[in-house]
Amino acid sequence: MKKIEAIIKPFKLEDVKDALTSIDITGMTVSEVKGYGRQQGHSELYRGAEYVVDFLPKIKIDVIVKDRDVDNAINAIVEAAKTGKIGDGKIFVSNVEKVVRIRTSEVDEEAI
């Protein structure tokens, strides 16, 4: 099993959710996060004073998938989240050693 963490632009969340649902990946955790990469933030004007916004709002999606579904899930996220502009985000994939569904005590792939 793998954990896929995707950092995306906030307005792309519904598109990514729909793309993952279309390939039968239905469970996910969504967090509002802030960060920066190559965008390096930007300047804004507030009441006549300029200030720098270093961290930009992003959405972090965590999803656990079976090993055989990793490439399909990554492709679905990329296609749904891509705008072609800087700041589209990143995807990280890591191993998951064990999953337990608390309600039923199912483990590993049955718990996904």
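The largest nonpolar core of this predicted model comprises 18 residues, and those with the most contacts inside it are Ile8, Val16, Leu20, Ile61 and Val65. A nonpolar core is here a set of buried Ala, Val, Leu, Ile, Met, Phe, Trp, Tyr and Cys residues joined through side-chain atoms within 4.5 Å; buried denotes a relative accessible area under 20%, exposed over 50%, and partly exposed the range in between, with a 1.4 Å probe and protein chains only. At least two residues of this core come from each of strand 1, helix 1, strand 5 and helix 2. Helix 2 gives the most, with 6 residues. Helices (H or I, at least four residues) and strands (E, at least two) are DSSP runs numbered from the N terminus. In soluble globular proteins, nonpolar side chains tend to be buried together. With neighbours within four places in sequence left aside, Val65 is in contact (heavy atoms within 4.5 Å) with Met1, Lys2, Ile4, Ile25, Val70, Ala73 and Ile112.

Residues are numbered from 1 along each chain as its sequence is written. Local features need pLDDT of at least 70 and side-chain atom pairs count only at pLDDT 80 or more, whereas totals for chains, interfaces and linings use all residues, and side-chain values use heavy atoms, with hydrogens and water left out.

In helix 1 (residues 13-22), the buried residues are Leu13, Val16, Ala19 and Leu20. Viewed down the axis of helix 1, these residues fall within an arc of 130°, so they line one face of the helix; the arc is that of the directions from the helix axis to the C-beta atoms. Their packing partners are strand 1 (2-8), strand 2 (29-35), strand 5 and helix 2 (70-81). Asp24, which follows helix 1, has a positive phi near 65°.

The structure holds 6 salt bridges, each defined as a side-chain nitrogen of Lys or Arg within 4 Å of a carboxyl oxygen of Asp or Glu. Lys17 and Glu14 form one of them, with the closest N and O atoms 3.9 Å apart. These two residues are 3 apart in helix 1, and are therefore separated by about one helical turn. Lys17 is partly exposed at 37% relative accessibility, as is Glu14 at 47%. A salt bridge also joins Asp15 to Lys12, at 3.6 Å between the closest N and O atoms. Asp15 is partly exposed at 37%, whereas Lys12 is buried, with a relative accessible area of 13%. Glu106 and Arg101 are likewise joined by a salt bridge, at 2.5 Å from N to O. Glu106 is partly exposed at 29%, and Arg101 is partly exposed at 26%.

Lys58, in strand 5 (residues 56-65), is buried yet has no salt bridge, the nearest side chain of opposite charge being that of Asp88 at 7.1 Å. A polar atom of the Lys58 side chain lies 2.7 Å from the backbone oxygen of Gly87.

Ser105 is not a glycine but has a phi of about 65°, and is exposed, with a relative accessible area of 55%. Asp108, in the segment after strand 6, has a positive phi of about 50° although not a glycine. Asp108 is partly exposed, at 27%.

Definitions and conventions: Lys and Arg count as positive and Asp and Glu as negative; His and the chain ends are not counted. A polar contact is a pair of N or O atoms within 3.5 Å; within protein, one must be able to donate a hydrogen and the other to accept it, and residues adjacent in sequence count only if both atoms are side-chain atoms.
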